Amino acid sequence: EQAIAYCHSVEFSKQIAEQFNHHGIKAMHLDAKTPKEERDSIIQDFRDRKIKVLCNVDLIGEGFNVPDCSTVIMLRPTQSLSLFIQQSMRGMRYRPGKTSIIIDHVGNVNRHGLPDDDRQWSLKGRKEEKAELTIKIKECTNCFAVFSPKEKSCPMCGHIPEVKERKEYEVDQQA
(Lines give C-alpha, C1' and ligand atoms only; values in the text may rest on other atoms or scores of the structure.)
Protein backbone atom coordinates (compact mmCIF):
# COMPACT_ATOMS: atom_id res chain seq x y z
CA GLU A 1 0.00 0.00 0.00
CA GLN A 2 1.04 3.60 -0.54
CA ALA A 3 0.57 6.07 2.28
CA ILE A 4 0.66 9.77 3.02
CA ALA A 5 1.69 10.71 6.57
CA TYR A 6 0.53 14.10 7.87
CA CYS A 7 2.89 15.26 10.59
CA HIS A 8 2.78 18.14 13.09
CA SER A 9 6.29 19.49 12.43
CA VAL A 10 9.04 19.34 9.82
CA GLU A 11 11.47 17.68 12.23
CA PHE A 12 8.90 15.04 13.19
CA SER A 13 8.09 14.39 9.52
CA LYS A 14 11.78 13.79 8.80
CA GLN A 15 11.99 11.41 11.78
CA ILE A 16 8.95 9.45 10.59
CA ALA A 17 10.43 9.08 7.08
CA GLU A 18 13.71 7.95 8.65
CA GLN A 19 11.91 5.31 10.75
CA PHE A 20 10.05 3.90 7.74
CA ASN A 21 13.33 3.71 5.78
CA HIS A 22 15.08 2.10 8.75
CA HIS A 23 12.45 -0.66 8.64
CA GLY A 24 12.78 -1.22 4.89
CA ILE A 25 9.82 0.86 3.72
CA LYS A 26 10.89 3.51 1.21
CA ALA A 27 9.74 6.90 2.51
CA MET A 28 10.52 10.54 1.74
CA HIS A 29 9.87 13.80 3.53
CA LEU A 30 8.53 16.91 1.77
CA ASP A 31 7.95 20.39 3.10
CA ALA A 32 7.48 23.92 1.77
CA LYS A 33 11.25 24.46 1.71
CA THR A 34 11.94 21.38 -0.45
CA PRO A 35 13.19 22.76 -3.81
CA LYS A 36 10.52 22.51 -6.53
CA GLU A 37 12.54 20.18 -8.79
CA GLU A 38 13.27 17.83 -5.89
CA ARG A 39 9.64 17.96 -4.76
CA ASP A 40 8.39 17.18 -8.28
CA SER A 41 10.85 14.26 -8.52
CA ILE A 42 9.75 12.83 -5.16
CA ILE A 43 6.07 13.12 -6.10
CA GLN A 44 6.73 11.42 -9.45
CA ASP A 45 8.58 8.60 -7.68
CA PHE A 46 5.54 8.24 -5.39
CA ARG A 47 3.22 8.13 -8.43
CA ASP A 48 5.53 5.51 -9.99
CA ARG A 49 5.34 3.49 -6.74
CA LYS A 50 9.10 3.77 -6.09
CA ILE A 51 8.25 5.46 -2.78
CA LYS A 52 5.70 3.91 -0.42
CA VAL A 53 5.25 6.71 2.13
CA LEU A 54 5.23 10.50 1.69
CA CYS A 55 5.72 12.36 4.98
CA ASN A 56 4.75 16.03 5.04
CA VAL A 57 3.47 18.97 7.05
CA ASP A 58 0.44 20.70 5.48
CA LEU A 59 1.86 20.29 1.98
CA ILE A 60 -0.03 17.41 0.38
CA GLY A 61 -3.66 18.32 0.52
CA GLU A 62 -5.98 20.04 -1.88
CA GLY A 63 -5.43 19.10 -5.52
CA PHE A 64 -3.09 16.17 -4.85
CA ASN A 65 -4.44 13.23 -6.82
CA VAL A 66 -2.78 9.82 -6.62
CA PRO A 67 -5.55 7.19 -6.86
CA ASP A 68 -3.16 4.39 -5.86
CA CYS A 69 -2.61 5.97 -2.44
CA SER A 70 -4.94 4.10 -0.14
CA THR A 71 -3.56 4.81 3.33
CA VAL A 72 -3.47 8.04 5.32
CA ILE A 73 -1.48 8.25 8.54
CA MET A 74 -2.73 11.07 10.79
CA LEU A 75 0.11 12.27 13.03
CA ARG A 76 -1.13 15.86 13.23
CA PRO A 77 -4.06 16.76 15.49
CA THR A 78 -6.41 19.42 14.17
CA GLN A 79 -9.49 21.27 15.38
CA SER A 80 -10.33 22.09 11.74
CA LEU A 81 -13.02 19.82 10.32
CA SER A 82 -12.24 20.92 6.75
CA LEU A 83 -8.52 20.15 7.17
CA PHE A 84 -9.33 16.76 8.70
CA ILE A 85 -11.65 15.88 5.81
CA GLN A 86 -9.16 17.15 3.21
CA GLN A 87 -6.29 15.10 4.64
CA SER A 88 -8.20 11.93 5.40
CA MET A 89 -9.83 11.88 1.96
CA ARG A 90 -6.44 11.68 0.17
CA GLY A 91 -6.68 7.91 0.44
CA MET A 92 -10.26 7.84 -0.82
CA ARG A 93 -9.61 8.79 -4.44
CA TYR A 94 -11.50 6.29 -6.56
CA ARG A 95 -9.83 3.20 -7.93
CA PRO A 96 -11.84 0.00 -8.59
CA GLY A 97 -11.61 -2.47 -5.70
CA LYS A 98 -9.70 -0.10 -3.42
CA THR A 99 -10.28 0.14 0.33
CA SER A 100 -8.98 3.23 2.08
CA ILE A 101 -7.32 2.93 5.48
CA ILE A 102 -6.95 5.87 7.86
CA ILE A 103 -4.54 5.33 10.73
CA ASP A 104 -5.41 8.08 13.19
CA HIS A 105 -2.76 8.27 15.91
CA VAL A 106 -3.99 11.64 17.20
CA GLY A 107 -7.73 11.17 17.76
CA ASN A 108 -9.02 13.42 14.97
CA VAL A 109 -11.86 10.94 14.37
CA ASN A 110 -12.96 11.49 17.99
CA ARG A 111 -13.14 15.25 17.38
CA HIS A 112 -14.75 15.19 13.93
CA GLY A 113 -16.34 11.79 13.33
CA LEU A 114 -15.70 9.71 10.24
CA PRO A 115 -14.62 11.72 7.19
CA ASP A 116 -17.50 10.41 5.07
CA ASP A 117 -20.21 11.05 7.70
CA ASP A 118 -23.29 12.91 6.50
CA ARG A 119 -23.05 16.53 7.65
CA GLN A 120 -25.39 19.49 7.64
CA TRP A 121 -23.56 22.30 5.83
CA SER A 122 -24.78 25.87 5.95
CA LEU A 123 -23.54 29.38 5.26
CA LYS A 124 -25.36 30.58 8.36
CA GLY A 125 -23.50 30.80 11.64
CA ARG A 126 -24.57 28.33 14.27
CA LYS A 127 -24.44 27.94 17.99
CA GLU A 128 -22.69 24.78 18.98
CA GLU A 129 -24.67 22.74 21.42
CA LYS A 130 -23.15 20.27 23.83
CA ALA A 131 -24.92 17.36 22.11
CA GLU A 132 -23.39 18.30 18.73
CA LEU A 133 -19.90 18.01 20.16
CA THR A 134 -20.35 14.32 20.98
CA ILE A 135 -19.09 12.24 18.06
CA LYS A 136 -20.54 8.76 17.90
CA ILE A 137 -18.25 6.04 16.57
CA LYS A 138 -17.71 2.36 17.34
CA GLU A 139 -14.34 0.73 17.82
CA CYS A 140 -13.97 -2.94 16.95
CA THR A 141 -12.80 -4.97 19.93
CA ASN A 142 -11.18 -7.45 17.54
CA CYS A 143 -9.14 -5.29 15.10
CA PHE A 144 -9.56 -1.78 16.62
CA ALA A 145 -10.98 -0.26 13.42
CA VAL A 146 -13.44 2.59 13.96
CA PHE A 147 -16.72 2.71 12.10
CA SER A 148 -20.22 4.16 12.12
CA PRO A 149 -22.52 3.04 14.95
CA LYS A 150 -25.10 2.24 12.24
CA GLU A 151 -23.00 -0.77 11.21
CA LYS A 152 -23.84 -4.04 13.01
CA SER A 153 -20.45 -5.63 12.29
CA CYS A 154 -16.93 -4.35 11.72
CA PRO A 155 -16.47 -3.54 8.02
CA MET A 156 -12.76 -4.41 8.28
CA CYS A 157 -12.78 -7.84 9.92
CA GLY A 158 -16.49 -8.78 10.11
CA HIS A 159 -16.46 -9.10 13.93
CA ILE A 160 -19.91 -8.75 15.49
CA PRO A 161 -19.65 -7.21 18.95
CA GLU A 162 -21.49 -8.79 21.84
CA VAL A 163 -24.55 -6.79 22.80
CA LYS A 164 -24.73 -6.43 26.56
CA GLU A 165 -28.00 -5.89 28.34
CA ARG A 166 -28.17 -2.60 30.18
CA LYS A 167 -29.12 -3.11 33.82
CA GLU A 168 -30.85 -0.58 36.02
CA TYR A 169 -29.18 0.01 39.34
CA GLU A 170 -30.95 1.28 42.43
CA VAL A 171 -29.43 4.32 44.05
CA ASP A 172 -28.93 4.03 47.80
CA GLN A 173 -30.99 6.94 49.18
CA GLN A 174 -29.11 6.86 52.51
CA ALA A 175 -25.66 7.50 51.07
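## Basis

Residues are numbered from 1 along each chain as its sequence is written, and side-chain values use heavy atoms, with hydrogens and water left out. The model is predicted: local features need pLDDT of at least 70 and side-chain atom pairs count only at pLDDT 80 or more, while totals for chains, interfaces and linings use all residues.

## Overall fold

The chain has 4 helices and 7 strands; these are DSSP runs numbered from the N terminus, helices being H or I of at least four residues and strands E of at least two. Along the sequence their pattern is β-α-β-α-β-β-α-β-α-β-β.

Of the 175 residues in the chain, 31% are buried (under 20% relative accessible area; exposed is over 50%, partly exposed in between; 1.4 Å probe, protein chains only). Among contacts (heavy atoms within 4.5 Å) with a separation of 6 or more, 61% join residues 24 or more positions apart.

## Nonpolar cores

A nonpolar core is a set of buried Ala, Val, Leu, Ile, Met, Phe, Trp, Tyr and Cys residues joined through side-chain atoms within 4.5 Å. The largest one has 16 residues, and those with the most contacts inside it are I4, Y6, L30, F46, L54, I60 and F64. At least two of its residues come from each of β1 (2-7), α2 (36-47), β4 (69-75) and α3 (81-88).

Neighbours within four places in sequence aside, I60 is in contact with I4, Y6, L30, L54 and R90. A second, separate core has 11 residues, including I16, C55, V57 and I73.

## Helix α1

Helix α1 covers residues 10-22; at 1.5 Å a residue its 13 residues should span 18 Å, and its end C-alpha atoms are 18 Å apart, which agrees. The expected span is 1.5 Å times one less than the number of residues.

S13, I16 and A17 of α1 are buried. Viewed down the axis, the buried residues fall within an arc of 95°, so they line one face of the helix; the arc is that of the directions from the helix axis to the C-beta atoms. Their cover includes β1, β2 (27-30), β3 and β4. On the face turned away from the buried side are the exposed residues E18 and H22. Just after α1, G24 takes a positive phi of about 85°.

## The loop at P67

P67 is found in the loop between β3 (53-56) and β4. P67 is partly exposed, with a relative accessible area of 31%. Leaving aside neighbours within four places in sequence, P67 is in contact with R93, Y94, R95 and K98. P67 and R90 are 23 residues apart in sequence, and their C-alpha atoms are 8.4 Å apart in space.
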